[in-house]
Amino acid sequence: MSFRRRLLALFSLTVFVSVAVVTWIVSDMARRAFNRANDQRAAALVAQFHREFTRRGQEVATKIQAIAATPQATRMLVAATKTAADYSSFLDDAQGIAETQRLDFLEFADDHGVIISSAQWPAKFGYKEPLTTSGLPSTPFLKEEEMPNEPALALLGVKSAKAADRELFVIGGIRLDKNFLSSLELPSGMRAMLYENLDGSGAKFSPDRLITAGEPVQNAQQLASLINSVRANGSESASVVRWNSGDEETVNASPLTGENHQVLGILLIGSSRREYAELRAQIRSAALLASGAGLLLAVILSSWLAAKVTRPVEDLARAAHEVAAGDWQTTVAVTSKDEIGDLAESFNRMTGELLDHRERLVQTERVAAWRELARRLAHELKNPLFPLQLTVENLLRAREQGQAEFDETFHESAGTLLSEIQNLKTIIARFSDFSKMPQPHFQSVPLGEVVEEAVKLHQAQLAEAKITVEQSVNPSDAQIAADPDLLHRALCNLIVNAIEAMPEGGTLKVKTQQQNDAARIEVCDTGKGLSPEECSRLFTPYYTSKPHGTGLGLAIVQSIVSDHGGRISVSSQPGVGTAFAIELPANRDKLPSAHGTHV
Amino acid sequence: MKLYCSILFAVSSVLWSGQAGAGARPHYGGTLRIGLRENPRAQDAAALPAHLSSQIFETLVRLDDRGRPEPLLATSWEAEASYQRWRFLLRNGVSFHDGVPLDAATVAASLRGCNPEWKVFAVGESVMIQTEIADSGLLSELALSRNSIRRRASGQQKTSGTGPFTVAQWVPGKHLTLKANDSYWGGRPFLDSIEVEFGKSESEQKMLLDLAKADAVEIGPEDIRRAKSEGRTVMTSEPEEFLALIFAADARSEDDTHARNALAASIDSVAINNVVFQGGGDPSGALLPNWLSGYGFIFSPGTGTIQQPRSPKQPWTWTLAYDTADPVERVVAERILLNARDAGINLQLVDSANSTLRLARIPLPSLDPEVTLDELAGMLQLPRPMHDTKSVTELYSAETILLQSHRIIPLLHLRSAVALRPEIHNWHMHPDGSWTLADVWLSPEQP
């Protein structure tokens with residue numbers, strides 16, 4: 001990843017994390033504030049419910065006190081005082097009085113607890129009312145009232161009337177149902193529900209037992225865990241319910257207990273979290289907007305900063321590439337005085353020093369080459385000069401000995417002199433040839449044929465030297481653009497070099513290979529091989545490892561290959577042999593008429 | 001002074017005797033207005049309740065208040081020794097309301113329509129009835145209202161009878177107007193017409209009576225005591241309407257049988273009668289009322305005549321259906337629910353037909369106990385008990401067999417009653433709750 005991209009990613013991440021943290025903090029604060037307000041509203045509604053509960057209880061108490069003083073109650077009391085009390089005529093009285101007084105529950109019972117008349121369950125006449133034997137509560141209370149089909153949650157009050165040491169109990173009340181809940185003044189977004197816990201503590205949650213003032217609760221089963229918690233613990237609890245519609249609602253549950261502190265009902269105050277959800281959505285939208293703007297700003301800033309920071313670095317990188325490509329003159333502009341500026345100055349200083357070092361190296365190599373040339377020249381010239389000197393001295397001595405001896409010596413010495421002079425000419429011609437290496441005249445050359453001809457030319461020498469030739473040359477190899485004479489000369493030098501490397505015979509391997517737009521020629525011998533130091537100096541002009549070599553053969557080969565734009569390399573293992581590899585480009589562009597000529 | 005007092009006494013006596021004489025003498029004319037709770041919706045007046053259809057249609061024979069057959073459209077009859085072939089001699093001078101004289105062919109056709117299994121044919125002025133098996137109770141069966149003689153004119157929907165009253169207007173479920181049959185063979189009825197309003201609630205009927213908008217209203221057994229205490233003229237029948245719990249199917253196991261026995265034993269019929277029905281009936285463990293069978297007391301609840309109840313091994317939950325439109329039935333059903341719970345049986349009150357058992361009120365089909373037992377067996381889809389002779393022992397055995405089917409739990413026999421205005425005279429309520437309105441007459445209106 002580029003520095004610019006990393007810088008952009010860093011900026012973007014910083015902006016994103018910052019916005020996310022701020023969003024979370026704001027959301028959390030909003031949630032806490034909403035929950036506080038919600039708790040306060042729920043508490044107020046629970047208090048309102050209890051106030052209404054108390055008010056209705058007082059109403060019930062007042063009504064049953066009035067009922068206890070009605071003529072019907074008096075007649076019942078009179079009937080109760082008789083020895084064989086007959087209550088049959090009072091069967092419907094409780095229903096009539098309850099309708100008049102708008103009570104849901106009304107029962108009359110004698111002092112034995114026998115129900116005389118019941119409004120809610122007329123058929124209960126003659127049965128015992130448990131309340132009359134368990135101590136009468138002085139204030140209205142909650143009770144699970146038995147009904148023919150299902151029990152009901154009742155707010156009851158009890159009063160008694162006495163006459164002639166007999167007592168009549170009047171038990172009446174109202175049902176805690178939808179109408180009761182409807183009397184509560186609910187703020188917007190809130191609702192009250194009542195769960196009738198009338199099936200015993202062991203019974204499962206029943207959605208049918210959930211009463212609301214309005215529409216019935218859909219998927220009431222989602223309240224089961226909250227209600228079961230209150231049923232089990234008998235204490236208040238709250239939970240956030242996510243309905244299937246997607247709405248969320250905070251539900252506070254408060255137990256409603258009876259005389260024996262058993263949980264008979266559970267008041268559920270639901271507070272819609274829609275407002276909070278909308279606020280949360282707004283916060284998220286704002287956060288997204290801020291994130292988007294921040295990211296855009298980050299892109300702009302990072303681009304600007306990256307451009308400011310990375311342009312000198314990119315210039316440096318480009319200059320380094322140019323240096324690597326051989327352009328040692330490359331420098332970079334110093335545009336700042338910071339670390340980047342120091343780096344640019346250091347780069348320029350480095351390239352300058354490299355140039356100096358190269359110049360010095362070239363000069364050193366040049367001096368070394370001249371010294372080697374002088375050494376070789378002195379060595380080459382010293383060999384023929386010494387016989388010349390001896391011959392001339394012999395002539396001088398023969399002159400002093402006599403004419404006959406002089407003539408005999410003269411003839412011998414003249415031949416020697418001519419021979420050594422010829423040697424000097426040859427040495428000078430070789431040096432002259434090396435200095436006069438011609439430039440290649442490129443033409444389309446069938447590489448395989450050139451190689452075969454070179455091998456064939458030295459066939460006799462190879463046979464004499466007992467050298468076996470292994471030739472892996474494909475005549476159908478593609479043609480390359482080269483100078484056939486120079487190429488032939490280079491190959492001959494390599495073959496001669498190989499023959500000289502194998503004085504006791506061996507194997508010469510010649511191989512050509514076509515590689516896309518290049519050709520490769522390998523010439524390998526099985527001679528004694530070369531040391532690494534010898535390999536490194538092998539192509540140096542006038543260097544030779546042979547007693548009578550001029551040190552120009554391989555230098556000429558390298559010169560030819562170089563003039564063809566190719567490369568020669570050597571690999572050798574002492575005792576195994578030496579292998580030369582020539583790699584030549586196709587050089588199609590160097591043909592005299594490149595266009596229309598197929599190579 | 002003494003003379004003055006004597007003259008005053010003599011004048012008062014004459015006046016009083018004159019008034020009394022005027023009240024005791026039947027008076028022709030007037031319209032009798034009746035209010036009823038029931039709500040019949042049959043299109044054909046022949047399908048009206050028996051106490052109304054008997055005013056329009058007549059049978060060959062009828063049963064007196066002691067259940068003995070007496071002539072009606074047939075003046076005499078004779079049966080062969082095997083009781084499979086009967087011959088009835090028709091009354092002369094009888095004609096249908098449309099004026100067509102009653103003849104043997106019409107009677108035979110009417111009876112064949114009601115009893116496809118009988119072979120009925122006319123022989124001169126008499127009708128022959130042949131049954132597949134010996135039927136000594138054929139006369140009682142012929143007295144049933146379903147065997148009343150009707151004639152349907154070709155192409156007409158209405159049926160015509162021979163009774164003392166003829167249908168003038170019939171709006172199903174609402175209103176029925178009957179007019180006196182001037183050519184009635186037994187003599188023209190005293191009343192000119194009868195107007196019956198159906199579907200009136202108890203409070204509406206009471207109001208109609210108090211406002212003199214009705215002359216007679218039907219009252220339930222639970223209101224008899226109150227009506228009497230209010231000083232109304234109340235005519236009551238014998239305890240005839242049968243209140244019972246009927247199971248939809250036979251007991252499936254021995255434990256089911258125990259549970260049914262436990263339920264029967266748990267129901268406090270006495271309390272239901274005394275409180276819910278205000279003493280308007282008789283608690284009973286029998287199918288037939290005691291006054292009809294003579295042995296009904298044997299089956300009284302708690303006598304142990306029925307197999308001693310044992311608690312069921314498992315808790316049973318049954319559904320009990322009742323007529324939810326009837327508030328009295330509702331109280332009875334709820335009371336049974338309470339009693340059953342004491343016996344460990346859970347009842348759920350429903351109003352659907354697919355219930356385990358139902359609370360039924362069955363009017364007494366006949367004053368003949370054998371016919372009544374047969375009708376009950378037919379209603380329960382049980383084999384009719386065999387009783388070829390009219391001995392009480394056989395009747396008892398037959399009833400016991402029906403009870404031991406554990407398909408029915410008798411609760412009460414209830415009285416039928418009507419409350420009358422004082423202007424109504426000679427209203428005769430038969431033991432089975434039927435009326436003979438041909439003899440009723442109204443006091444003449446005071447000028």
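Buried means under 20% relative accessible area, exposed over 50%, and partly exposed in between, with a 1.4 Å probe and protein chains only. Helices are DSSP runs of H or I of at least four residues, numbered from the N terminus. This is a predicted model, where local features need pLDDT of at least 70. Residues are numbered from 1 along each chain as its sequence is written.

**Exercise 1.** Work out which residues of helix α3 (residues 93-101) of chain A are buried, and where they lie around the axis.

Solution. Start with the buried set: A:Asp93, A:Ala94, A:Ile97 and A:Ala98. Next, take the directions from the helix axis to the C-beta atoms. They cover an arc of only 125° around the axis, so these residues share the same side of α3(A). Now turn to the face directed away from that buried side: it carries exposed A:Glu99 and A:Thr100. Finally, step past the helix to A:Arg102, which follows α3(A) and has a positive phi, near 55°.

**Exercise 2.** Describe how helix α6 (residues 274-324) and helix α7 (residues 339-401) of chain A pack.

Solution. First, the geometry: their axes, lines fitted to C-alpha atoms over the stretch in contact, are 10 Å apart at an angle of about 15°. Therefore α6(A) is roughly parallel to α7(A), a label for angles under 35 degrees. Then list the contact (heavy atoms within 4.5 Å): α6(A) contributes residues including A:Val309, A:Pro312 and A:Leu316, while α7(A) brings, among them, A:Ile340, A:Phe347 and A:Thr351. Last, sort by class: the contact has eleven nonpolar, one polar and no charged residues.

How values were computed. Chains lettered and ligands numbered in written order. Predicted model: local features only at pLDDT ≥ 70, side-chain atom pairs only at ≥ 80, totals over all residues. Heavy atoms only, no water. Helix = DSSP H or I, 4+ residues; strand = E, 2+ residues; numbered from the N terminus. Axes fitted to C-alpha atoms, helices over the stretch in contact; angles between N-to-C directions. Parallel < 35°, antiparallel > 145°, perpendicular 65-115°, else oblique. Nonpolar A, V, L, I, M, F, W, Y, C, P; charged D, E, K, R; others polar.
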